[in-house]
Amino acid sequence: MLDERWRSVRKVLLVRLDNLGDVLLMTPAFHAVRQALPHASITLLAGPVGAQVGRLDPDLDSVLVYQAPWMDPWHKLPLDAEREQRMIARLKEERFDGAIIFTSFRQSSLPAAYLCYLVEIPLRVAASIDGPGSLLTTRHKHPERMMHEVQRGLDLVSSIGMTTQEQDLVLRVPQSAREEIQQRLSPLLQGRPFIVVHPGCSMPARTYPPEMYAQVINLLIERLQVFVAVTGGPEEQELVEGIVCQVAPENRASVLPLAGVLPFDQLCALIQQAALTVTNNTGPMHISAAVKTPVVALFALTNPPEQWGPWRVAHRLLYHDVPCRICYSRICPYQHECLRLVSPEQVVMAANELLTGAPLDEETLLESVKGGNHVANRV
């Protein structure tokens, strides 16, 4: 039952300030808010990257962009108190009635709660294991068990009586974006299916080695007779160009580098139309889940797979089990064994199984198990 204090709310601020995938995993919870408050105006406050998801979420009415200093892991944001004052003034103008602050397992909600307090939003909800004082009007504590991030978001909004039975990720890809992708790819495919390979990631510790991605692309083309679109953001152009340069010359006609080329809606359309995505634990893995494209996830053990893996989509999680698992490192201090010991052959075997339903080759699978490699099959 909806918390009585929220029944009269007409303007809601949802706060999720980190990366693209983090925002996308909150969309079922956003949907629960929309179902509980069908006539309210709902605004998402997100970082520049995560805001792209909000613009394709029909449950939201508007998106505000805020690059929060406490969400700056590489310390790139200069000290600028006036910038923060401007954001406070901008949010105050909106006169929100309630704020729901979403954070992941290792983040504190209190900086965002203080922002909402300064903006004078009367109702402020977040999960907190720290003492929030009067910063929160509803302080929630998640159960002490492993939960997927989607479940954490839903658990937070349920603390004020907002629930939904529709728990798929929400991402509406515009028809115009789908048409643009069809026009771009149709002349190149020659009737072949295509696979998206997204080799980049904001955290180096989660990134499969570039030279091994080149081997994966070669094997996908040679063994599965597919076309490969290699994607990335503007800052990943050098990475993608370097990988494509390592692809065998005879296979390059079957590869299209697209780093820095596609706007976000067209990237989503590309993944939606692909037969399969191969990527790291990063935003396009969750885009694939949202548009129901099967995904092979090269999943570094920096974070628990049970918490961050693809949600409600056919997938394979590939990693090599290591003693330093769940390190939360941004840069691996060792030899990156959790990913480097997953062979390109295993990646292509997993891709083949998702594409064709064919079982993994028994002899190769036995060898991978002996070596400590892990293939997780989940939907």
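This dialogue walks through several features of a predicted model and how each may be read.

Visitor: Which strand pairs with β12, and in what sense?

Guide: The partner is strand β11, residues 295-298, which pairs with β12 in the parallel sense over four bridges.

Visitor: How many disulfides does a search of the whole structure find?

Guide: The general idea is that a disulfide is a covalent bond between the sulfur atoms of two cysteines. In this structure the search finds zero disulfides. C338, for instance, is in no disulfide, and the nearest cysteine sulfur, that of C332, is 6.2 Å away, whereas the cut-off for a disulfide is 2.5 Å.

Visitor: Is C338 buried or exposed, and is C245 buried or exposed?

Guide: C338 is buried, with a relative accessible area of 9%, whereas C245 is exposed, with a relative accessible area of 55%.

Visitor: Let us turn to helix α5. Which of its residues are buried, and what do they pack against?

Guide: Helix α5 covers residues 110-118, and its buried residues are L110, A112, A113, L115 and C116. These buried residues pack against the strands β1 (11-16), β2 (41-46), β4 (98-101) and β5 (123-127), and also against helix α4 (81-94). Just after α5, E120 takes a positive phi of about 70°.

Visitor: Which residues form a nonpolar patch on the surface with L118?

Guide: L118 forms the patch with Y114 and Y117, and together the three have about 280 Å² of accessible area.

Visitor: How many salt bridges does the structure hold, and which residues are linked in a network of them?

Guide: The structure holds 16 salt bridges, and R16, D18, D22, E149 and R152 are linked in a network.

Visitor: With which residue does E84 form a salt bridge, and with which does E94?

Guide: E84 forms a salt bridge with R83, the closest N and O atoms being 2.8 Å apart, and both E84 and R83 are buried. E94 forms a salt bridge with R90, where the closest N and O atoms are 2.5 Å apart. E94 and R90 are separated by about one helical turn because they are four residues apart in helix α4, and R90 is partly exposed, at a relative accessible area of 32%.

Visitor: What parts of the sequence does the pair of K292 and D168 tie together?

Guide: The side chains of K292 and D168 meet in a salt bridge at 3.4 Å, N to O. K292 lies in the loop between α11 (283-291) and β11, and D168 in the loop between α6 (149-158) and α7 (175-189), so the pair ties together parts that are 124 residues apart in sequence. K292 counts as partly exposed at 40% relative accessibility, and D168 counts as partly exposed at 33%.

How values were computed. Residues are numbered from 1 along each chain as its sequence is written. This is a predicted model: local features need pLDDT of at least 70, side-chain atom pairs count only at pLDDT 80 or more; totals for chains, interfaces and linings use all residues. Side-chain values use heavy atoms; hydrogens and water are left out. Two strands pair if DSSP finds at least two bridges between them. Helices (H or I, at least four residues) and strands (E, at least two) are DSSP runs, numbered from the N terminus. Buried means under 20% relative accessible area, exposed over 50%, partly exposed in between (1.4 Å probe, protein chains only). Patches are made of residues with over 30% relative accessible area and no salt bridge: like charges are joined within 9 Å, nonpolar side chains (Val, Leu, Ile, Met, Phe, Trp, Tyr) within 5 Å. Accessible areas come from the Shrake-Rupley method with a 1.4 Å probe; for residues, only the protein chains shown count as cover. A salt bridge is a side-chain nitrogen of Lys or Arg within 4 Å of a carboxyl oxygen of Asp or Glu. Contact means heavy atoms within 4.5 Å.
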